[in-house]
Amino acid sequence: MNKKVIIELQDIVKSYDDEVIVNHLNLQIYENEFLTLLGPSGCGKTTTLRMIGGFETPDEGRIILNDKIINDIPAYARPINTVFQKYALFPHLNVLENVVFGLKNSSYERKVSLYGKEKLEEEVLRNRKAGKKGKITRFEMNKVIKEKIYEDAKKALELVNLKGYEERNIDQLSGGQQQRVGIARAIVNKPKILLLDEPLSALDLKLRQNMQYELKEMQRKLGITFIFVTHDQEEAMTMSDRIVVMQGGVIQQLGTPKEIYNEPKNRFIANFIGESNIFRGVYVKKDTIKFDDIEMNCVNYVYEDGEECDIVIRPEDFDIVDASKSNLKAEVRTCIFKGVHYEICAYYKEQEIVIHSYEEVKPGDIIGLKVDPYEVSLMRVNKDE
């Protein structure tokens, strides 16, 4: 079954003061997926998000939502809501009033469109006293709309685990609770797409980790598209269906968390997503690679015999063996206990190697290293890196 594309970015370019921030970006975003734009500061991820939301206009290219070009449609007219890093809650309003504020103060036409004119009129008629007839008035419609807004706001607060907090003042809430209010305020508008611009960055580590799981669960329950911006690779790996890794205004790689971690396309991704040991080597022949004078086995790669390549081995994929049982020998410099594993820094000639192991070794030890062929990743050499 093919996934439905809800948003498509076609050849998008955006510059500020003659500096290109987003450079001919093409991306398809699917309905009901959790997509993360990941990359370091200045890579163009927030600018891309703001263009989707309607807060910025691309210099070139098209933004298409459900087969309709929306470049010139203002933010308020798009079926998209945004949760910002700064929650912008009103301190003089309680939790419930913060959640209803935007929708309650939107236009009558917007509210009728959201709830459906026929359904609202049916409810007005049901609420009328027996025998009362006549044309349905705007006063009657507004009364039903108001009831629905508050009813939906309470449901939204329940969804973000804030049931019972309706009357609380904003300054009585923790950072995580304030973040949930911001999310409830967005989802009460029933958006097709929810944009989240680094919404967890102000939270402490434990709370941030809890919110990661809660956001993913919310997205699953709501069944809407989440587009999330972060520079934190752990957040991206934990929550995303797909990750867009950006650098220099372009997409470096697009794939599932597992694909990006196990099969990085270039050195930037290999180093940005987790830790990597990268060796410049040669693809000798099928299933055989070599760096320096050490041959290793690999699988599932077809390069030209003799082609130069980069060999990527994650720290956890090394096995420590007796030095006599491996051609790859390294001298241990440090061994630090990290709680779950030891992080070992060792040197093969002049190259530093990082190893994660459950076994403790001592500085000065000469250790042998082996790696399963299935754990070896190869990347084609980019001469510019």
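Asp 18 lies in the loop between strand S1 and strand S2 (19-30), where strands (E, at least two residues) and helices (H or I, at least four) are DSSP runs numbered from the N terminus. Asp 18 has a positive phi of about 70° although it is not a glycine. At 80% relative accessibility, Asp 18 counts as exposed; the classes are buried under 20% relative accessible area, exposed over 50%, and partly exposed in between (1.4 Å probe, protein chains only).

A word on the ground rules before going further. The model is predicted, so local features need pLDDT of at least 70 and side-chain atom pairs count only at pLDDT 80 or more, while totals for chains, interfaces and linings use all residues. Residues are numbered from 1 along each chain as its sequence is written, and side-chain values use heavy atoms, with hydrogens and water left out.

Back in strand S1 (residues 5-16) you will find Glu 8. Glu 8 is partly exposed, with a relative accessible area of 23%.

Helix H1 (residues 45-53) is mostly covered, with seven of its nine residues buried. The buried set consists of Lys 45, Thr 47, Thr 48, Leu 49, Met 51, Ile 52 and Gly 53. Just after H1, Gly 54 takes a positive phi of about 95°.

Which strand holds Asp 197? Asp 197 is found in strand S7, residues 193-197. Asp 197 is buried yet has no salt bridge, and the nearest side chain of opposite charge, Arg 50, is 5.8 Å away. For these charges, Lys and Arg count as positive and Asp and Glu as negative, with His and the chain ends not counted. What Asp 197 does have is a side-chain polar contact with the side chain of Thr 46, at 3.3 Å. A polar contact here is a pair of N or O atoms within 3.5 Å; within protein, one must be able to donate a hydrogen and the other to accept it, and residues adjacent in sequence count only if both atoms are side-chain atoms.

**Salt bridges**

How many salt bridges does a search of the whole structure find? The search finds 20, a salt bridge being a side-chain nitrogen of Lys or Arg within 4 Å of a carboxyl oxygen of Asp or Glu. Here are some of the pairs.

| Pair | N to O distance |
|---|---|
| Lys 216 and Asp 241 | 3.0 Å |
| Lys 349 and Asp 292 | 2.5 Å |
| Lys 362 and Glu 360 | 3.6 Å |

In the salt bridge between Lys 216 and Asp 241, Lys 216 lies in helix H7 (residues 205-222) and Asp 241 in the loop between helix H8 (233-239) and strand S9 (242-247), so the pair ties together parts that are 25 residues apart in sequence. Lys 216 is partly exposed at 24% relative accessibility, and Asp 241 is partly exposed at 32%.

The salt bridge between Lys 349 and Asp 292 connects two loops: Lys 349 sits between strand S17 (342-348) and strand S18 (351-357), and Asp 292 between strand S12 (288-291) and strand S13 (294-297), so the pair ties together parts that are 57 residues apart in sequence. Lys 349 counts as exposed at 55% relative accessibility, whereas Asp 292 is partly exposed at 44%. Asp 292 has a positive phi of about 55° although it is not a glycine.

For the remaining pair in the table, Lys 362 is partly exposed, with a relative accessible area of 47%, and Glu 360 is partly exposed, with a relative accessible area of 47%.

There is also a network of salt bridges linking Arg 267, Arg 280, Glu 308 and Asp 310. The side chain of Asp 310 makes a polar contact with the side chain of Arg 280 at 2.5 Å.

**A negative patch**

Glu 275, Glu 316, Asp 319, Glu 359, Asp 372 and Glu 375 form a negative surface patch. Patches are made of residues with over 30% relative accessible area and no salt bridge; like charges are joined within 9 Å, and nonpolar side chains (Val, Leu, Ile, Met, Phe, Trp, Tyr) within 5 Å. The place of a charge is taken as NZ of Lys, CZ of Arg, CG of Asp or CD of Glu, and accessible areas come from the Shrake-Rupley method with a 1.4 Å probe, where for residues only the protein chains shown count as cover. One member, Asp 372, lies in the loop between strand S19 (366-371) and strand S20 (377-380). Asp 372 is partly exposed, with a relative accessible area of 36%.
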